[in-house]
Amino acid sequence: MPSDRRVRIKTLVLVLAMVVCANVGDLLLKRGMTQIGAVALTAQGIGLAFRLTITNASIWLAIFFLIGFMVSYMTVLSWADYSFVMPAGAFGYAVLTFLAVIFLHESVSPRRWFGVALICVGVVLVGQTKPRTTEAPSEAVVRCESS
Amino acid sequence: MRIIIGLAVLILGSTGGEIAITHGMKSVGEPARLRPRAVLQFLGRAVRNGWFWTGVPLMALSFYALLVLLSWAPISLVIPASALSYVVGTFGAKFILREDVSTARWAGVILVCIGVALVAAG
């Protein structure tokens with residue numbers, strides 16, 4: 001497979017992983033904190049919230065997905081441009097809006113729909129450009145150089 | 001004035017942190033394969049990189065600035081204004097990381113920036 005095509009595919013796969021992990025993580029965090037309820041801002045209230053948080057399955061699952069986001073983010077930046085990954089990741093805002101409409105039946109203002117449309121066009125424009133414009137050393141190259 | 005300074009800390013902290021992490025990851029080098037073992041080895045090298053530990057406190061500073069700003073200004077101003085970080089980050093990518101930002105990429109970044117501001121404004 002040509003190198004450019006390979007880089008583009010693995011970049012898009014990891015950006016997609018970033019978007020999915022960040023959104024699922026945030027939704028699970030929201031669910032977990034809703035289950036715990038409003039936290040009282042007293043020493044006793046914060047202590048209780050801490051105990052409830054570390055025993056809540058949704059919170060742990062959220063942390064797992066947010067670690068997944070961070071790992072995907074660090075990995076993709078080891079070869080792809082920051083100016084490619086950063087705007088491409090904004091696709092998550094569009095995904096979240098669609099999820100809110102489909103699953104939560106939220107009403108979305110025309111202004112927000114216009115914003116989603118601009119994000120989609122922007123992400124497609126960025127997606128057309130080369131994901132890597134600087135030389136990123138691969139692990140194999142680093143090994144050769146260090147030996 | 002303090003809101004403008006707060007926004008500057010928020011935006012420069014997050015983009016500065018991300019640029020430092022990007023620089024660190026580039027110097028670490030990509031994993032040889034996208035397999036769990038190779039990625040874990042890559043993460044092991046990444047957390048021993050100084051640029052990674054420069055980026056993390058900058059991002060923490062940005063998060064703190066966000067919390068402070070939310071106590072000073074309405075969320076409907078703070079979150080859309082933080083979308084400016086897409087443009088600032090692209091300048092950083094061009095002039096600090098020496099990435100080749102084409103016209104198409106600039107156009108995309110500006111559309112994303114306006115789009116995120118509109119979505120965040122609700």
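Trainee: Let's start with one residue. Is Ile36(A) buried, exposed or partly exposed?
Mentor: Keep in mind that this is a predicted model. In it, Ile36(A) has 17 other C-beta atoms within 10 Å, so it is partly exposed.

Trainee: Where does Ile36(A) sit?
Mentor: Ile36(A) belongs to helix H1 of chain A, which covers residues 3-36.

Trainee: And which residues is Ile36(A) in contact with, leaving aside its neighbours within four places in sequence?
Mentor: Those are Ala49(A), Leu52(A), Thr53(A) and Asn56(A). Take Asn56(A): 20 residues along the chain separate Asn56(A) and Ile36(A), and their C-alpha atoms are separated by 8.2 Å.

Trainee: How confident is the predictor about chain A?
Mentor: The average pLDDT for chain A is 86, and 90% of the residues score at least 70.

Trainee: Where in chain A is confidence lowest, and where is it highest?
Mentor: Confidence is lowest in helix H7 of chain A, residues 139-146, with a mean of 47. The highest value, 95, goes to H6(A). Also, the pLDDT stays below 50 over residues 138-147 of chain A, and that stretch has 10 contacts in the model beyond near neighbours in sequence.

Trainee: Okay, on to helix packing. How do H4 and H6 of chain A cross?
Mentor: Helix H4 (residues 82-89) and helix H6 (residues 110-127) of chain A have axes that come within 9 Å and cross at roughly 155°. An angle over 145 degrees counts as roughly antiparallel, so H4(A) and H6(A) are roughly antiparallel to each other. The crossing of H4(A) past H6(A) is left-handed.

Trainee: Which residues make that contact between H4(A) and H6(A)?
Mentor: From H4(A) you have Phe84(A), Pro87(A) and Ala88(A), and from H6(A) there are Gly122(A), Val123(A), Val126(A) and Gly127(A). By class, the contact of H4(A) with H6(A) has 5 nonpolar residues, 2 polar and no charged.

Trainee: What about helices from the two chains? At what angle do H3 of chain A and H2 of chain B pack?
Mentor: Helix H3 of chain A (residues 57-77) packs with helix H2 of chain B (residues 36-46) at an angle of about 80°, and their axes are 11 Å apart. That makes H3(A) and H2(B) roughly perpendicular to each other.

Trainee: Which residues meet there, in H3(A) and H2(B)?
Mentor: On the H3(A) side, Val71(A), Met74(A) and Thr75(A) meet Val39(B), Phe42(B), Leu43(B) and Ala46(B) of H2(B). Sorted by class, this contact of H3(A) with H2(B) has 6 nonpolar residues, 1 polar and no charged.

Trainee: Zooming out, how many residues of chain B are in contact with chain A?
Mentor: There are 40 residues of chain B in contact with 38 residues of chain A. On the chain B side, the elements giving two or more residues are helix H1 (2-28), H2, helix H5 (85-95) and helix H6 (103-121). H6(B) has the largest share, with 13 residues. The side of chain B that touches chain A has 25 nonpolar, 8 polar and 7 charged residues.

Trainee: What is chain B built from, in helices and strands?
Mentor: Chain B has 6 helices and 0 strands. Its C-alpha atoms fill a box of roughly 45 × 35 × 25 Å along the principal axes. Of the 122 residues in chain B, 41% are buried.

Trainee: Last one. What is phi of Arg98(B) near?
Mentor: Phi of Arg98(B) is near 60°, a positive value in a residue other than glycine. Most residues other than glycine have a negative phi. Arg98(B) is in the loop between H5 and H6 of chain B, and with 9 C-beta neighbours inside 10 Å, Arg98(B) counts as exposed.

How values were computed:
Residues numbered from 1 in each chain as written. Chains lettered and ligands numbered in written order. Predicted model: local features only at pLDDT ≥ 70, side-chain atom pairs only at ≥ 80, totals over all residues. Axes fitted to C-alpha atoms, helices over the stretch in contact; angles between N-to-C directions. Helix = DSSP H or I, 4+ residues; strand = E, 2+ residues; numbered from the N terminus. Parallel < 35°, antiparallel > 145°, perpendicular 65-115°, else oblique. Left-handed = near helix turned anticlockwise from the far one by under 90°. Contact = placed C-beta atoms within 7 Å. Nonpolar A, V, L, I, M, F, W, Y, C, P; charged D, E, K, R; others polar. Buried ≥ 20, exposed ≤ 12 C-beta atoms within 10 Å, placed from the backbone. pLDDT = per-residue confidence, 0-100.
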